[in-house]
Amino acid sequence: MESMSEVLRSMNNPALRQRSRDLEQNLLSNPLVQQLKAEHPELDDQRLKLHLSQLFQYVRESRNCANCPGLENCPNDFQGHYSKLTVESVNGTPDLFERKTACNLKIAQDNQDSIRRRIRSFYVDERVLNGGYDEMDIMGKDPRRASAVNKIFDYITGVREDGLTPQGIYLHGTFGTGKTFLMCYLLHELAVAGYSGVIVYMPDFIEDLKSIMLDGQKLKETVDTLKNCDLLIFDDIGAENLNPWARDHVLGAILNYRMNRKPTFYTSNYPLDGLEKHLSFTSKDGEEQHKGQRLMDRIAPFVEVIPLHGENQRGRNR
C-alpha cells in the first residue's frame, strides 16, 4: 500500500486527485476511524481530515497487529510498537495525537531483557540460565529432591515478602542432582523481583585469576562486582585447584565483605566439613588448617545447609 505522503505528492494529476479523495473517504469510513468518532463525537470530519496521515498509520498498524507475524517480523515502523490515538484539548479545542505504544510482545521481551541484565555469569553455560523454569517440573523430576526444592521455594518466597538478609544457602549433593540448575532458578526468580545476581563457576574462575591478576583494573572490577551484587553464587566450590593468593586475597576478601551484608550461595559436592578440608589445602603451601577455618568462619554461620538427594540428571531433560 502506498503511503499517504506519496499519494498527496501526486495530486497534480486529476485522476490521482480523485483517487486521493477516494482514499480519504475510505479512510474516514474505516471501522476503526468510525469507532474513534463514536468515542469522541467532539471530533468532526474537518478536524479528522487534518490528521489523515496519523489515521492512515493507525489503521495500517492496527491491521498489522491483528495479523501479527511475531515480534521479529513486525512490519510496523517501530518494531514492537503500534500507533495509539488519543484526543486531548488544546486551548479549548479537541485535537488528535498519535503516540507509539509498545505491544504486549515487546513489553514481555523488555521484561525478559531486564531480568537478564540483572544476572551476570562467570564461566557458567548461558543455556543453564536461559533454559526456562517450571516449578512443577522442578519438583516432579525426582521425588528425593522434594525437601531441598521446597526449601529453595521457601527462601525465594521469604525474600519476596521480607527482602534480603545476609543468610544464604549451601546446597550440596552428588554429581548431577541439579544443584546448579536450582541455584539458577533461585537467581532468575529473584531477578524477576528486582535483585541483581552473579553466578561463578569456581574451577574456571580460579584458573582464570592467574591471568586476571596481571590486569589490576580488571581484577578490581571483577572483585567489586562479586562483592556488591545482591546475590552471589559460587558454583561447584571445592572442585577448584586453589592457590594461596586466590584463596586468601580474592575469595577471602569477597566473603569478608559480604558477611553480615549480603547473602552468598554455594553449590558443592562436599558437605561443609569436607569443604573446610579443601580450603585448608593449596597446591603451593600444602595444608594450612587455620586458613581453611578462617574462610569457613565467613561461610558456615551465614548459610542454611541443604543436602540435595536424587539421581544424576545429566544427559536428561531436567
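Residues are numbered from 1 along each chain as its sequence is written. In this predicted model, local features need pLDDT of at least 70, side-chain atom pairs count only at pLDDT 80 or more, and totals for chains, interfaces and linings use all residues, while side-chain values use heavy atoms, with hydrogens and water left out.

The protein has 15 helices and 10 strands. Both kinds of element are DSSP runs, numbered from the N terminus: helices are H or I runs of at least four residues, and strands are E runs of at least two. Of the 318 residues, 41% count as buried. Buried means under 20% relative accessible area, exposed means over 50%, and partly exposed lies in between (1.4 Å probe, protein chains only). The protein exposes about 17100 Å². Carbon and sulfur atoms supply 48% of that area. Accessible areas come from the Shrake-Rupley method with a 1.4 Å probe; for residues, only the protein chains shown count as cover. Among contacts between residues at least 6 apart in sequence, 73% join residues at least 24 apart. Contact means heavy atoms within 4.5 Å.

An open sheet is formed by 6 strands in the order β3-β5-β6-β7-β4-β10, and the pairing is parallel. Two strands pair if DSSP finds at least two bridges between them. Strands β3 (119-122) and β10 (303-308) stand at the edges. Each has a single partner strand, so one side of each is left without a neighbour in the sheet. The twist averages 15° from one strand to the next. Angles run from 0 to 180 degrees between N-to-C directions, and axes are lines fitted to C-alpha atoms, for helices over the stretch in contact. Helix α9 (residues 146-162) packs on the sheet and touches β4, β7 and β10. The direction of α9 makes about 150° with that of β10.

Strands β3 and β5 run parallel and are joined by 4 bridges. F122 has V200 as its bridge partner in β5. V200 also stands opposite F234 in β6. Strand β5 (residues 197-201) pairs with β6 in the parallel sense over 5 bridges. Here G197 stands opposite L231 in β6. Of the 5 residues of β5, 4 are buried, so this strand is largely enclosed by the rest of the structure.

Strand β6 (residues 231-235) runs parallel to β7, and 3 bridges join them. L232 stands opposite T264 in β7. Between these two strands the chain crosses through helix α13 (residues 244-258), and this β-α-β crossover is right-handed. Right-handed means that, with the strands pointing away from the viewer, the path from the first strand over the helix to the second runs clockwise. Strand β4 (residues 168-173) also pairs with β7 in the parallel sense, over 3 bridges. The bridge partner of L171 in β7 is T267.

Strand β7 (residues 264-268) is mostly covered, with 5 of its 5 residues buried. In a regular strand the side chains alternate between the two faces of the sheet. Both faces of β7 are covered: T264, Y266 and S268 are buried on one side, and F265 and T267 on the other.

T267 has a relative accessible area of 1% and is therefore buried. The side chain of T267 makes a polar contact with the side chain of D235 (2.5 Å). A polar contact is a pair of N or O atoms within 3.5 Å; within protein, one must be able to donate a hydrogen and the other to accept it, and residues adjacent in sequence count only if both atoms are side-chain atoms. Leaving aside neighbours within four places in sequence, T267 is in contact with L171, K179, T180, M183, F234, D235, D236 and I237.

D236 lies in the loop between β6 and α13. Its phi is positive, about 60°, although D236 is not a glycine. At 17% relative accessibility, D236 counts as buried. N91 also has a positive phi, near 55°, and is a residue other than glycine. N91 sits in the loop between β1 (81-90) and β2 (93-102). At 80% relative accessibility, N91 counts as exposed.

T157 is placed in helix α9. This residue is partly exposed, with a relative accessible area of 35%. The C-alpha atoms of T157 and L190 are separated by 9.3 Å, and the two residues are 33 apart along the chain.
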